[in-house]
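Subject: Structure for you to look at

Dear colleague,

I am handing over the structure below, and after it I set out what was found. Please look through it before you read on.

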Amino acid sequence: MNIQTKYHGEITIEETDIIQFENGIPGFLNEHEFIILPLTEDGIYSIMQSIRTPQLAFVITNPFIFYKDYDFTIEDKIVKQLDIKSVTDVKVFNILTLQDPFEKTTINLQAPIIINTKNNQAKQVILNNDLYRIKHPLFNESPDLIKG
Amino acid sequence: MLILTRKKGETIQIGNEIEIKIISIQGDQVKIGIEAPKTVEVYRKEIYEQIQEENKQAATSTMNVLDLFKKCQK
């Protein structure tokens, strides 16, 4: 199928690549379907694009690139909701809030996006954890990565 | 809003499946235990609102993302 996107123009996607957020995400409860598209060639940054709303797209990243020790427990409730059978099926992304200059960009470590890659069910989970902030600096611990 | 008075250890039942228990009271802090089915999500309200706000901010980035990345890769 073809969709309109915020950053990639019109593109063709496979319906099997669509990830499903049964309950939407906070602030966008009616957005249930997204697709993840690579943004940079290094594979660090991606776009999470809404299927129904071309103008709705988030810049996301693999948090473990920036915070190797990032660690949380997925509650049983969420394991059941997403029907997660094995931790190796789980992919984690976090949403970035871009700033200019880019070095000031923040990453929402308190609300990771959890995807069960076996069934493409996903959820933005809110951690009850004081260690990780909503506006965590992206480059706090890895200044070398600023240049990409 | 329905207002009920409860003591420590007492519970409020909401519908068939939601139970709210007062665990402890210390000064102006109340510890509350919540039992709810898995389809009901329970959050501290101010945190949920902050996440909503952050998602909106992250989505309405007016900057040209691609330019920004090019700029910082120079």
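Which residue in E7(A) is the bridge partner of Thr61(A)? It is Asn94(A), and the notes below place this pair among the strands around it.

This is a predicted model, in which local features need pLDDT of at least 70 and side-chain atom pairs count only at pLDDT 80 or more, while totals for chains, interfaces and linings use all residues. Residues are numbered from 1 along each chain as its sequence is written, and chains are lettered from A and ligands numbered from 1 in the order in which they are written.

Chain A has two helices and 11 strands, where helices (H or I, at least four residues) and strands (E, at least two) are DSSP runs numbered from the N terminus. In order from the N terminus, these elements run β-β-β-β-β-β-α-α-β-β-β-β-β.

Strand E6 (residues 57-61) of chain A is mostly covered, since five of its five residues are buried, a residue being buried if 20 or more other C-beta atoms, placed from the backbone, lie within 10 Å of its own C-beta. On one side of E6(A) the buried residues are Ala57(A), Val59(A) and Thr61(A), and on the other Phe58(A) and Ile60(A).

Strand E5 (residues 45-50) of chain A runs antiparallel to E6(A) and is joined to it by five bridges, with two strands counted as paired if DSSP finds at least two bridges between them. A hairpin of six residues links E5(A) to E6(A), and Tyr45(A) has Thr61(A) as its bridge partner. E6(A) is also joined, by three bridges and again antiparallel, to strand E7 (residues 90-97) of chain A.

Best regards

Note on methods
A residue is buried if 20 or more other C-beta atoms lie within 10 Å of its own, exposed if 12 or fewer, and partly exposed in between; C-beta atoms are placed from the backbone.
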